[in-house]
Amino acid sequence: MRKKIVAGNWKMNLNLQEGVALANELKEALAQEKPNCDVIICTPFIHLATVAGITEGTVIGLGAENCADKEKGAYTGEVSAAQVKSTGAQYVILGHSERRAYYGETAEILKEKTKLALANGLKVIFCIGEVLEEREANKQNEVVGAQLADSLFDLTAEELSNVILAYEPVWAIGTGKTATAEQAQDMHAFIRGCIAGNFGEQAAEEISILYGGSCKPSNAKEIFSKPDVDGGLIGGAALKCADFKGIIDAWN
Ligand code: PEP
């Protein structure tokens, strides 16, 4: 059975003290009621080491939101996969549409980042998704298929077993406009088919594919009820413990 997962992406929100308070609140809430899925929080780099001290020994996994495409050295301001790992984090989000759009992250760069993250023992939450014009032109499968092929298809099946996919239609991120459960299911089934075509049926059956884009407690249950949706990558609603917990509870 593949893993059910709810992962939060804090983005560039919350100062260190606010992040610590949110992590503690979530730890408390999940200690009282064990979740029916894996729970991960992905935080800004500066929060990682401190939040690792809070999540250690709990059901909460911890991840970064990015890492460098270089191993180490004179790359001022960058944070390497090895450095992320050394904080106690176990995951890293790569390929988020905001990184692709605002920081020029290409498929080649993401391929490098993915290889380095995996080589350093991190699990990768790899984001894919089309923009509105591509959806309107009915090109979403073509776009998402290419994003997968161009960054991930050189991995071994063993490496892929440490990758979680997140389908995030860009038009649904932070807009309040959610994909319908049917749109999510159609795309997730397509993605699973692409994985089967390149890595085989077993890899496709085992990989978790999360939905992301304006997911909230009120719509999570319906989206998660679809057979190829294995959970969610949550932005805005991950910043409030009650909302995030409400989405986690969609698996109950
Ligand atoms: C995201 O950015 O990964 C995301 C899903 O954001 P939101 O939930 O705010 O749409």
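**Note on helix packing, cavity and pockets**

1. Helix α11 (residues 217-224) packs against α12 with their axes 8 Å apart and at an angle of about 20°, which makes α11 roughly parallel to α12. Here an axis is a line fitted to C-alpha atoms, for helices over the stretch in contact, and the angle runs from 0 to 180 degrees between N-to-C directions. Angles under 35 degrees count as roughly parallel, over 145 as roughly antiparallel, 65 to 115 as roughly perpendicular, and the rest as oblique. Helices (H or I, at least four residues) and strands (E, at least two) are DSSP runs, numbered from the N terminus.

2. Before going further, please keep in mind that this is a predicted model, in which local features need pLDDT of at least 70 and side-chain atom pairs count only at pLDDT 80 or more, while totals for chains, interfaces and linings use all residues. Residues are numbered from 1 along each chain as its sequence is written, and side-chain values use heavy atoms, with hydrogens and water left out.

3. The crossing of α11 and α12 is right-handed, a term used when the near helix is turned clockwise from the far one by less than a right angle, the anticlockwise case being left-handed. On the α11 side the contact (heavy atoms within 4.5 Å) involves Pro217, Ala220 and Phe224, which meet Asp243, Gly246 and Ile247 in α12. By class, this contact of α11 with α12 has 4 nonpolar, 1 polar and 1 charged residues. In this classification Ala, Val, Leu, Ile, Met, Phe, Trp, Tyr, Cys and Pro count as nonpolar, Asp, Glu, Lys and Arg as charged, and the others, Gly among them, as polar.

4. Helix α12 also packs against α1, at an angle of about 40° and with the axes 10 Å apart, and that angle makes α1 oblique to α12. This crossing of α1 and α12 is right-handed. The residues that meet are Leu22, Glu25, Leu26, Ala29 and Leu30 in α1 and Cys241, Phe244, Lys245 and Ile248 in α12, and by class they comprise 7 nonpolar, no polar and 2 charged residues.

5. What is the arrangement of α1 and α2? The axes of α1 and helix α2 (residues 45-55) come within 10 Å and cross at roughly 30°, and the two helices are therefore roughly parallel to each other. α1 passes α2 in a right-handed crossing, where Leu16, Gly19, Val20, Ala23, Asn24 and Lys27 of α1 make the contact with Ile46, His47, Thr50, Val51 and Ile54 of α2. This contact of α1 with α2 divides into 6 nonpolar, 4 polar and 1 charged residues.

6. A search of the whole structure finds 1 cavity of 30 Å³ or more, and about 40 Å³ of space lies in the largest cavity. On a 1 Å grid over the protein atoms alone, a cavity is a set of points where a 1.4 Å probe fits but cannot get out, whereas a pocket is an open set with protein on both sides within 12 Å along at least five of seven lines, and lining residues have an atom within 4 Å of a point. Grid points are joined across faces, edges and corners, and a volume is the space filled by probe spheres set on the points.

7. Trp10, Leu22, Ala23, Leu26, Ile41, Ala238, Cys241 and Phe244 line the largest cavity, and the elements giving two or more residues to this lining are α1 (16-32) and α12 (241-248). The largest share, 3 residues, comes from α1. The lining divides into 8 nonpolar, no polar and no charged residues.

8. The largest pocket has a volume of about 460 Å³ and is lined by 13 residues, of which Lys11, Met12, Glu65, Arg99 and Tyr103 lie nearest its centre. Helix α4 (residues 97-102) gives the most to this lining, with 3 residues, and by class the lining has 6 nonpolar, 3 polar and 4 charged residues.

9. The second largest pocket has a volume of about 350 Å³, and of the 17 residues that line this pocket the closest to its centre are Ser161, Asn162, Val163, Glu206 and Ile207. The elements that give two or more residues to the lining are α8 (157-160), β6 (163-167) and α10 (201-206), with the largest share, 3 residues, coming from α10. By class, the lining of the second largest pocket has 8 nonpolar, 4 polar and 5 charged residues.
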